[in-house]
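Try each task before you read its solution.

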Amino acid sequence: MGESFVEAIGKQFVDESSSLADKFRALFTLKNTGGHKAIDWICKGFEHDSALLKHECAYCLGQMQDEYAIPFLIRVLEDRNQEPMVRHEAGEALGAIGAPEVIDVLTKCLNDEQIEVAETCELALERIKWLQERQTHEKDKISSNPYSSVDPAPPDLNSLNDTVSLRKALLDESLPLFKRYRALFSLRNIGGTKAVVALAEGLRCNSALFRHEIAYVLGQMQHEACVTQLKECLEKNTENPMVRHECAEALGAIAKGECREILEKFAQDKERVVKESCLVALDMHDYQTSDELEYTKTIDNKTKGTVGSE
């Protein structure tokens, strides 16, 4: 696909008259196409007034793992006028790219006034450290990721198939967040009802960042066993909007049972990011229940290894 294709999709992405769902589809097409021109178009999304769209732009840049995007992401992370969920996603994207050159920037944000940003930068630094050391300690022993996503932490090498131990680590709030994230992604990779139910328990943990990641992973897994728990989180007006948004997208990805009914109920929510997430999730739901072969251009679904919350 040449520059003319990227140009056409880019123009669709920034077209003010296009719906948010169409913008998402164009965004994920740009992500899948790759290259500096695609990144330039994606970064134009940071000029939009939708925190959801800007958050998703940062997510895509992280998944692309192209160091060309680093200066753009640093600017977003350091911009205190950006919404916390957008800055968080920029920090996570820098960790996903994994370049040592961002260590100083991430370190500066460890004491950020926004706890979600501070925790994200802590995780990003731990991931970069792990990338630097894994050849010595873990080499190729890490389990494969069935979703092909670039995750904030690798699965736990010591408990790859022990659901009981992983659940214990997941819910132990005295452990470092990076270790709990490793348990989280191990449970995701194991899959099945027991793993889903264990992960859903994490929606009651104290860290909003952690709860949001749980919801993202449940969306990847697309298992009906967590619909009730996702619904309960989405229904809480006191819940962090970042968490509620991810619950909505997860329900759109699962697309079974009462998911559509739940999303329609909250498609007019007072919280803009929740409302917009429900609208995008309804579009995802329609894709999941249709005969469409792709959710790109026409969104590469997080559940297929791209969509978040990331």
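**Charged partners and ring pairs**

Asp 49, Arg 272 and Glu 276 are linked in a network of salt bridges; a salt bridge is a side-chain nitrogen of Lys or Arg within 4 Å of a carboxyl oxygen of Asp or Glu. This is a predicted model, where local features need pLDDT of at least 70, side-chain atom pairs count only at pLDDT 80 or more, and totals for chains, interfaces and linings use all residues. Residues are numbered from 1 along each chain as its sequence is written, and side-chain values use heavy atoms, leaving out hydrogens and water.

**Exercise 1.** Find the salt bridge between Arg 25 and Asp 283, and work out which helices it links.

*Solution.* 
- Step one: the two side chains meet at 2.9 Å, N to O.
- Step two: Arg 25 sits in helix H2 (residues 20-33) and Asp 283 in helix H16 (residues 272-288), 258 residues apart. Helices here are DSSP runs (H or I, at least four residues), numbered from the N terminus.
- Step three: Arg 25, at 8% relative accessibility, counts as buried, meaning under 20% relative accessible area with a 1.4 Å probe, protein chains only. Asp 283 is buried too, at 16%.

**Exercise 2.** Decide how the rings of Tyr 181 and Phe 185 pair up.

*Solution.* 
- Step one: rings of Phe, Tyr and Trp (its six-membered ring) pair if their centres lie within 6.5 Å; planes under 30 degrees apart are stacked, over 60 edge-to-face, and the rest tilted.
- Step two: these centres are 6.3 Å apart and the planes are at 50 degrees, so the pair is tilted.
- Step three: both residues belong to helix H10 (residues 177-190), and being four residues apart they are separated by about one helical turn.

Note on methods. Helix = DSSP H or I, 4+ residues; strand = E, 2+ residues; numbered from the N terminus. Buried < 20%, exposed > 50% of the residue type's maximum accessible area, 1.4 Å probe, protein only.
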